[in-house]
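Visitor: I have a structure open and would like to learn how to read it. Could you take me through it step by step?

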Amino acid sequence: MKLEVMPKQRVLEAEQREEAMEMSGLELWKHEKPLKICPLPPPLPAAAPFDESALVPPLNFAMVDEGIFRSGFPKTTNFRFLKSLNLRSIVYLCPEPYPETNIEFLEKNGIKLHQFGIEGRKEPFVTIPDDKIREALKVVLDPKNQPLLIHCKRGKHRTGCVVGCLRKLQKWCLSSVFDEYHRFAAAKARITDQRFMELFDVSSLSHLTPSNC
């Protein structure tokens with residue numbers, strides 16, 4: 001015969017089960033390892049102040065030839081380095097006005113600014129003005145303007161085209177011209193730039209080629 005359990009007895013049994021589970025969990029917690037509290041890391045040291053006596057070259061700086069250098073846009077932190085080059089001229093390839101701070105540096109050090117405003121657009125809207133590249137090369141090849149620095153914003157595309165055309169004047173093979181261009185442009189290399197350098201006619205400038213080219 002099956003005994004019928006009364007509701008009060010069911011409630012009592014449920015409470016006893018819950019109490020047993022709580023006690024079991026308490027025993028397990030007692031045997032657990034205590035949490036390890038890691039100390040906070042020490043604060044980062046303060047950045048060292050900029051050493052104004054340091055010679056810091058501009059972005060993408062390199063020597064192209066004797067008396068001819070290339071780079072990205074010079075910052076004030078690069079002025080001391082540029083002064084060490086004893087520059088006579090800067091060939092600036094952007095259309096934007098030259099910053100007042102940079103102009104003051106040029107005037108203070110007797111450096112002449114030659115600006116050839118070439119728009120820095122992305123493909124497929126790139127147009128490279130042949131006439132401005134030629135005029136820039138005439139300045140670059142004139143010994144009276146050397147030592148000089150050629151620069152745009154990053155020292156990649158506009159500067160790369162001028163230097164690439166100079167290399168054709170120096171009778172470099174195209175593969176070497178493109179290798180140098182890629183070394184500075186890297187992943188930003190443009191087919192338009194390379195096509196321009198390949199098709200650029202140097203015959204009208206050959207009489208300006210210096211003896212060391």
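Predicted model: local features only at pLDDT ≥ 70, side-chain atom pairs only at ≥ 80, totals over all residues.

Visitor: How do strands of a sheet pair?

Guide: In general, they pair through backbone hydrogen bonds, and the sense is either parallel or antiparallel. Here, S2 and S5 pair in the parallel sense over four bridges.

Visitor: How many helices and strands does the protein chain have, and in what sequence do the elements run?

Guide: There are seven helices and five strands in the protein chain. Read from the N terminus, the elements run α-β-β-α-β-α-β-α-β-α-α-α.

Visitor: Now the helices. Which residues of H3 are buried?

Guide: Buried here means under 20% relative accessible area. In helix H3 (residues 100-108), Asn 102, Phe 105 and Leu 106 are buried. These residues cover an arc of only 100° around the axis, so they lie on the same side of H3. The other side of H3 has Glu 100, Glu 107 and Lys 108 exposed.

Visitor: What do the buried residues of H3 pack against?

Guide: Their partners are helix H2 (79-84), strand S3 (89-92) and strand S4 (112-115). After H3 comes Gly 110, with a positive phi near 65°.

Visitor: What span should helix H4 have?

Guide: Helix H4 (residues 130-141) has twelve residues; at 1.5 Å a residue they should span 16 Å, and the end C-alpha atoms are 16 Å apart, which agrees.

Visitor: And which residues of H4 are buried?

Guide: Ile 133, Arg 134, Ala 136, Leu 137, Val 139, Val 140 and Leu 141. The buried residues of H4 pack against strands S2 (68-71), S3, S4 and S5 (148-151), and against helices H5 (158-169) and H7 (191-199).

Visitor: Finally, what can I read from the protein chain as a whole?

Guide: The protein chain has 213 residues, and 36% of them count as buried. Among its contacts with a separation of 6 or more, 66% come from residues 24 or more positions apart. The protein chain exposes about 14500 Å², with carbon and sulfur atoms supplying 58% of that area.

Notes
Residues numbered from 1 in each chain as written. Heavy atoms only, no water. Buried < 20%, exposed > 50% of the residue type's maximum accessible area, 1.4 Å probe, protein only. Helix = DSSP H or I, 4+ residues; strand = E, 2+ residues; numbered from the N terminus. Arc of directions from axis to C-beta. Contact = heavy atoms within 4.5 Å. Areas by Shrake-Rupley, 256 points an atom, 1.4 Å probe, with all protein chains shown as cover. Expected span 1.5 Å × (residues − 1). Pairing = 2+ DSSP bridges.
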